[in-house]
Amino acid sequence: MDLSYTDEERAFQAEVRTFLAEKLPKAMSEKVRLGSGLTKEDLEEWHSILNARGWLAQNWPSEFGGAEWDAVQRHIFEEEASLANAPRIVPFGLAMLAPVLQKFGSKEQCDRWLPRILDGSDWWCQGYSEPGAGSDLASLKTRAVREGDHYIVNGQKTWTTLGQYANMIFCLVRTNTEVKNQEGISFLLIDMDTPGIEVRPIILLDGTHEVNEVWFTDVKVPVENLVGEEDKGWTYAKYLLTHERANIAGVGSSNAGLEAVKRMAKAEMSGGKPLSENPHFAARVAQVEIDLMAMSLSNLRIISKAAKGGAPGLEASMLKISGTVIRQEINDLARRAAGMYALPFASEAVEGSNQPELGPEHSRPVAEQYFNNRKISIFGGSNEVQREIIAKTTLGRMQ
Amino acid sequence: MNFELTEERQMLQDSLRRFLRDRYDVPTRNAILESESGMSSDIWNQLAELGVLGALFTEEDGGFGGKGFDIAVVFEELGRAGVVEPILETCILGGGLIAALGNETQNGLLESIIGGETRLALAHSEPRARYDLNRVETRCEGGKLNGHKTMSLGAPNADHIIISARESGAVDDKEGISLFLVPVSDLELRSTPMMGGGMAADIWLENVVVTEEMRLGPVGSALPYLETVYAAAITANCAQTLGAMETATRLTTEYLQTRKQFGRPIGTFQALAHRLADMFVELEQARSAVIGVAGYLEADPKLRDKHASMAKNLMGRIGRLIGEESIQMHGGIAMTQEYELAHIAKRIIMADHLFGDVDYHLERFIAMSAA
Ligand SMILES: Cc1cc2nc3c(=O)[nH]c(=O)nc-3n(C[C@H](O)[C@H](O)[C@H](O)COP(=O)(O)OP(=O)(O)OC[C@H]3O[C@@H](n4cnc5c(N)ncnc54)[C@H](O)[C@@H]3O)c2cc1C
């Protein structure tokens, strides 16, 4: 056992740090630090900065223009990027669709779509969930019927993250109603400009427009946009989910969040002294930090196993649970630290709130982030679903 | 011992619940939340007509209630419906201080408060005070106020604001704090909507002139009165959170019965059913905490404040559990602004940031319990 990085890994870490110090625009990291919303242009700019360095497609094979980083390198980058307050990389095209195309797509599809992901020509969104199909994704009903060279798509997707920015959506659709749920699903690429598609905003409880409903009425999709084989989409969807779960622990984001809480606690006063010296608050912070330190090691253990080719199965579910619980605990600490300055609410949805908020800058996003991050234990396979996976597997082994 | 409500309070509860069910439905409330003033004058007037504001004052102050259990009954219903109008600010904080300290002219305001014509707010909190009541840096010298009052709840919709200022002593002395009743037209406010609904404002005081007529109560001895209205405010806040938790639990129960995944209602998954059961267990604890704080509100300050801290700490902890669990067990739908639970959950959680949070009241409880 050796808990330190190798010389190459340390050199890589230094390289990442230098890059972030030089290339991450200050205005952008300021926005991330203050939790103010990033625009589409911000996210696109960050993608293009990374792409120019060859670091955008971190997990792609080099034949497609990827960096081909191993799991440890990706971990190092994500840790450094979080601490530097870099924007996140929008995962839909890069981390979700691309691996599916690379594994199951045709050469034509790879040649056509992958370069457009890299250079930012396309913004993809994920059309999986439906009003009736959440945890039970396989019960999805959006229908695609083949007519000549096209599929005709009817139905509704929901919770589509950043669908308002997207020009492309990858969808799970039902192509066969005669078979078991999982066996009648296909994976379709759909141009959002096609007639018959309507995107309706959903405002979340923190006032943000982050997700959407996407409605399909007689939408014509060329058959060449089918990925892999008809009715085999569930296999591809599951493959995609394993990629969605990479970096699921969110160690970088939790580290950055905890640092922010500590800074706040030094600045906030309680009983005439800094809040950081209040024994109750200090104990709360220490407890989360202890959990986070252990979780970082679990994460590294699993990552280094993955780097050697082991596939994370159950461990991904475990990291999803501890990672989200810890992240949410940090959000809770931040709102506590803010005291009554957690109360103000700056929402685009509330009239007359475009004036500057009250209280210190560090308090502004905390309540919004606390509520917004309730989502992380709901999406990507809810924590209950992860527990089901762990319990079924472990109890199954006992029998 | 008797845990039944009196007949009058039972009637008040029934009529208020019915009124809010009919007139304060989710679309109405969402429209109020998105409006510039963050409240409805229409609803305000109707609540006054219904006697809801009068129920928060004693007979000698022109009302017909004013005891801990009157406050608890009214605010539990307001909380159940997620009402955001500044009733606590006007009647409990502002009205409570006037009733306790007002001279004859100032007492004249009580009638117009109860009638719905006047609204009040208290500007006591300060940026470095956190939840401490004795920590007042704002000064009153030579008839002029200087300082920074922060997060004055309900101030943007108030006609008069009660401002606390120090006339003597160090920033954290118990003695030396005075109150002034100032017309809002004398002040410059910077307003903000709040996460759980309603409005608050910061007030920067720069040589704001106060006359002797504006003085509320004796010189330099306001702290015990502030502590008394805060105990009442904690009662109201806890009762309101209890009402909101009842709604959250009801909505979650209904959702678990009706939402189907994997071909069956999700409430049939034991992983969820047991957690709903825990919510009900905690809800009973919360109900007792509210009865405790309401029942001891008229007791001597030590006993009163011990129960206030007990209740506020407990409601903060249970509130977090019920707020978070009800969102989690709903899944994505609870994350949307439009769905009823979103506002209710926000009110439950944000209630912890008013009048001292879980940690503040734990510390105060330790101090009182050890003494
Ligand atoms: C902010 C946000 C962004 C999202 N972005 C996207 C996106 O871009 N694309 C996309 O396709 N989807 C997206 N989703 C959808 C997300 O994947 C779903 O919300 C998730 O799958 C849960 O489904 P649901 O919300 O319908 O809840 P439900 O499945 O109805 O679950 C309700 C509750 O029941 C529990 N439950 C369900 N089944 C079981 C069981 N068998 N045992 C025990 N408990 C169970 C759940 O854990 C949850 O607590 C997003 C969701 C959110 C909130």
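# Reading two interfaces: domain to domain, chain to chain

Tutor: Between domain 1 of chain A and domain 2 of chain A, the rule finds zero salt bridges (side-chain nitrogen of Lys or Arg within 4 Å of a carboxyl oxygen of Asp or Glu). This is a predicted model, in which local features need pLDDT of at least 70 and side-chain atom pairs pLDDT 80 or more, while totals for chains, interfaces and linings use all residues. Residues are numbered from 1 along each chain as written, chains are lettered from A and ligands numbered from 1 in written order, and side-chain values use heavy atoms, without hydrogens and water.

Student: Which stretches of chain A make up the domains?

Tutor: The bounds come from an automatic or database domain assignment. For chain A they are 7–101 for domain 1, 123–231 for domain 2 and 249–398 for domain 3. The C-alpha centres of domain 1 and domain 2 of chain A lie 28 Å apart.

Student: How many residues of domain 1 of chain A are in contact with domain 2 of chain A?

Tutor: Contact means heavy atoms within 4.5 Å. By that rule, 13 residues of domain 1 of chain A meet eleven residues of domain 2 of chain A. The two domains of chain A bury about 1000 Å² between them, with 83% of it on carbon and sulfur atoms (accessible area, 1.4 Å probe, lost on being put together, summed over both parts). On the domain 1 side, Lys40(A), Phe92(A) and Leu97(A) lose the most area, together 53% of what that side buries.

Student: Which helices supply at least two residues of that domain 1 side?

Tutor: Helix H3 (40–53) and helix H5 (91–104) of chain A each do. The largest share, six residues, comes from H5(A).

Student: Now the chain pair. What area do chain B and chain A bury between them?

Tutor: The figure is about 4800 Å², of which 56% is on carbon and sulfur atoms. Arg130(B), Met195(B) and Met335(B) supply 16% of the area that chain B buries against chain A, more than any other three residues. In contact terms, 52 residues of chain B face 56 residues of chain A.

Student: How many salt bridges are there between chain B and chain A?

Tutor: The count is eight. Elements giving two or more residues to the chain B side include strand S3 (144–153), helix H8 (270–295) and helix H9 (301–330) of chain B.

Conventions
Helices (H or I, at least four residues) and strands (E, at least two) are DSSP runs, numbered from the N terminus.
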